[in-house]
Amino acid sequence: MTAILTRIQRGNPHPDNPAECGTSGDHLAALESEAVHIIREVVAEFDRPVLLFSGGKDSAVLLHLALRALYPAPLPFPLLHVDTGHNFPEVIAFRDRVVADLGLRLHVAAVQDWIDDGRLTERPDGTRNPLQTVPLLDTINEHRFDAVFGGARRDEDRARAKERIVSLRDAFGGWDPRRQRPELWSLYNGRHTAGEHVRVFPLSNWTELDIWHYIARRDVPIPDIYYAHPREVFARDGMWLTAGEWGGPRNGERIVTKSVRYRTVGDASCTGAVESTAVTIDEVVTEVATSRITERGATRADDRLSEAAMEDRKRDGYF
Amino acid sequence: MAGLLRLTTAGSVDDGKSTLVGRLLQDTQSILVDQLAAVDRATRARGGVELDLALLTDGLRAEREQGITIDVAYRYFATPTRKFVLADCPGHVQYTRNTVTGASTAELAVVLVDARNGLVEQTRRHLAVMAFLRVPHVMLAVNKMDLMDFDEPTFRRIESEFAAVARSLGVPDVVSVPVSALHGDNVATRSVRTSWYRGPTLLDHLEAVPTGREAVAEPMRFPVQLVLRPRTAEHPDYRGLAGQIASGVLVVGDDVIALPSGGRSTVTGIDTPDGPVLRATAGQSVTVLLADEIDAGRGEVLARLEQQPRVVTELAADLCWLADRPLRPGARVLIKHGTRTVRAIVTALTGRLDLHTLHHTEPPASLELNEIGGALIRLAEPLAVDSYATDRHTGGFLVIDIADGNTLAAGLVGSRDAA
Ligand SMILES: Nc1nc2c(ncn2[C@@H]2O[C@H](COP(=O)(O)OP(=O)(O)OP(=O)(O)O)[C@@H](O)[C@H]2O)c(=O)[nH]1
Ligand SMILES: [Mg+2]
């Protein structure tokens, strides 16, 4: 992340490099320009944007794009992390390092606080991904955020595949897939009435592989657990889960040490690792390119519960 | 991007658009094992036996319950030849606004027709939408040929009727393919059951159709999104105009004018976070530095002195009306064009496309949901515009409801000035 702050404006102008930028360049450069355009539109038209930052790879790429979009001006809006409390310590350390290095403002909405004061109750299965919605909406209301940047991608899930880039949320934060606004060309209509807000997804058109290619090209820092490392894990629902204080292992589940890598980093109690030996970015890109299973299929137990798990959560106001 | 094709599906409800998309994904090995397993489970849950490929994109609860597509689904896949962004659009007339959404960014539209039914009203409506949006390439897929014994005369009849409608709407050369989305005939592999057909498979054509743009030939347009003024110790006096080149090529040293304000200056630099560049082309997001501190904030368009857009306060426009409430002359609206939003009044309706005759009627009393028509619009403040016909990237605008902020219509700047 700091790389882009130091690498800038040295030396003489170079003729445009088709491999690097714009539609004259490649697919990745076009995605980058599209995302930068979206971020600038929102900064220009909204009063109080916020960027959801979990420390995961998509939010790291999103933050990187936001910094590029506004460079050399500093980021004019804060970050928000809805913290399940079920974290990978490496990811929280990464989050805090990024915030400190770049001098950013970070709001943390901790699910635990909502449970402690009774606004939320723990679920019987112990997972906390679905519990993020209420702290998210409460924090949006409290700070009167009017545009919320998220790193969701359409290729993640079939409900997300239906999402607009700039997507209106009602006063309850709900998504109504039957009443989405038309979204024409690259003209985004973010007009809303008091109490409503928009969710903005600059990475809509990116695939998982695009994200990894981009991390490689721009040297975007991400937490180490995205690379292969030895870890104590146990098998559940066909995934490797980290042994830890929340939910595991239970009776009969045996802890083993494996070389693993994460493809997503969510609630650690239900986010699985994949077996891997990829320790460099190029090795990860190769693995992702040849994988025959989607990142959510490989790593998210909660999304397997029902056919429309994501749609239902989004209707309630989830990211 | 030479290597990327954005395509959309179109055609009436149940003509097989989602099935075709699923088939394309399946036959290009773009479906991963867990997605396939999920579709298999969903198929069985609905009592099906053969994999229902439409369930790959029909992902909403309501879509699966009703067996129709409601909103656009975007899918991404690649073959060794190129990458594809695919928008699977709904066929139902009620959701035409979503089809307009999916088609607005498409370079190619695959219009499906059920071989048993031939062209229906919704086929004509969608073809009119593709013509309205000037989707550069239109392709006809005559689907469900399996139910017509792959009968050549059936295909030829639909092909020529479609060609005639396309011609009346001004859609240039249509490529037609007889397919069975369900069984895969002529989708990614050539069918042995259509020996009479000599043309390309659907995928052959998708891989071969020319894409990309000749940015060098376009007039340069740079709508300013915002002014970057860091006021930091490192950059105390920096003042850069942030934006994405909408068309053409911008070169350091160009003499430019900011419109509608009219200030003139010279481009002294083009910045990117990786360092300055000497030129930038359509699609690139950059930051432009000027020699003078002219008024060129959000809403201004930079153009080269010798290639200026028109600055107008009256627009002759074409509209595709997307709201339930009809448009009547006298309506007060907002127009969002590029990075500028202005108040406006629709002073007159000038015509309406009749889907049966394919001609424009006399000025109608109103424009109803999903209708395409002409309008005169008076603007509260000037806009710098190009006609959509000359530039699809700068000639489009939104019509927005002042009260609730909803998008009411897709608008195209006409090629002549308002009278
Ligand atoms: N026999 C046969 N049936 C087909 C073929 N293509 C699609 N179908 C069937 O037609 C029905 C409708 O298919 P869909 O793909 O959902 O149609 P659609 O055009 O996407 O419908 P909407 O999105 O709601 O407009 C389904 O039952 C399909 O199985 C085909 O080539 N042959
Ligand atoms: Mg469909």
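This report describes chain A and chain B of a predicted model, from overall composition to individual sites.

## Basis of the description

Because the model is predicted, local features require pLDDT of at least 70 and side-chain atom pairs count only at pLDDT 80 or more, whereas totals for chains, interfaces and linings use all residues. Residues are numbered from 1 along each chain as its sequence is written, chains are lettered from A and ligands numbered from 1 in the order in which they are written, and side-chain values use heavy atoms, with hydrogens and water left out.

## Chain A: overall composition

Chain A contains 10 helices and 10 strands. Helices (H or I, at least four residues) and strands (E, at least two) are DSSP runs, numbered from the N terminus. Of the 319 residues in chain A, 62% are buried; buried denotes under 20% relative accessible area, exposed over 50%, and partly exposed the range in between (1.4 Å probe, protein chains only).

Among contacts in chain A between residues at least 6 apart in sequence, 72% connect residues at least 24 apart, a contact being heavy atoms within 4.5 Å.

Six strands of chain A form an open, mixed sheet in the order 3-2-1-4-6-5; two strands pair if DSSP finds at least two bridges between them. Strand 3 (106-110) and strand 5 (166-169) of chain A stand at the edges with a single partner strand each, so one side of each has no neighbour in the sheet. From one strand to the next, the twist averages 30 degrees. Axes are lines fitted to C-alpha atoms, for helices over the stretch in contact, and angles run from 0 to 180 degrees between N-to-C directions. Strand 4 (residues 147-149) and strand 6 (residues 197-200) of chain A run parallel and are joined by three bridges; A:Phe149 has A:Val200 in strand 6 of chain A as its bridge partner.

Helix 2 (residues 27-45) of chain A packs on this sheet, touching strand 1 (49-52), strand 4 and strand 6 of chain A, and its direction makes about 155 degrees with that of strand 4 of chain A. Helix 3 (residues 57-70) of chain A lies across strand 1, strand 2 (79-83) and strand 4 of chain A, at about 145 degrees to strand 1 of chain A. Helix 3 of chain A is mostly covered, with 14 of its 14 residues buried. At 1.5 Å a residue, its 14 residues should span 20 Å, which agrees with the 20 Å between its end C-alpha atoms; the expected span is 1.5 Å times one less than the number of residues.

## Chain B: helix 5 and the magnesium site

Since 11 of the 12 residues are buried, helix 5 of chain B is largely enclosed by the rest of the structure. Its buried residues include B:Arg124, B:Arg125 and B:His126. B:Arg134 follows helix 5 of chain B and has a positive phi, near 55 degrees.

The magnesium ion (ligand 2) is coordinated by B:Ser18 (OG) and B:Thr69 (OG1), at 2.0 Å. The pair links distant parts of the chain, 51 residues apart: B:Ser18 is in helix 1 (residues 17-27) of chain B, and B:Thr69 is in the loop between helix 3 (61-66) and strand 2 (73-78) of chain B. Donors are N, O and S atoms within 2.8 Å of the metal (3.2 Å for Na, K and Ca), and sites may look incomplete, as water is not among the atoms. Both B:Ser18 and B:Thr69 are buried.

Six strands of chain B close into an antiparallel barrel in the order 16-19-18-17-20-21. Neighbouring strands of this sheet are turned by 40 degrees against each other on average, direction ignored. Strand 16 (residues 310-321) and strand 19 of chain B pair in the antiparallel sense over 10 bridges, and B:Glu314 stands opposite B:Arg378 in strand 19 of chain B.

B:His359 occupies the loop between strand 18 (340-352) and strand 19 (372-385) of chain B and is exposed, with a relative accessible area of 54%. B:Asp292 lies in the loop between strand 14 (285-290) and strand 15 (301-304) of chain B and is partly exposed, with a relative accessible area of 38%. Not counting residues up to four places away in sequence, B:Asp292 touches B:Arg264, B:Ser265 and B:Thr266.
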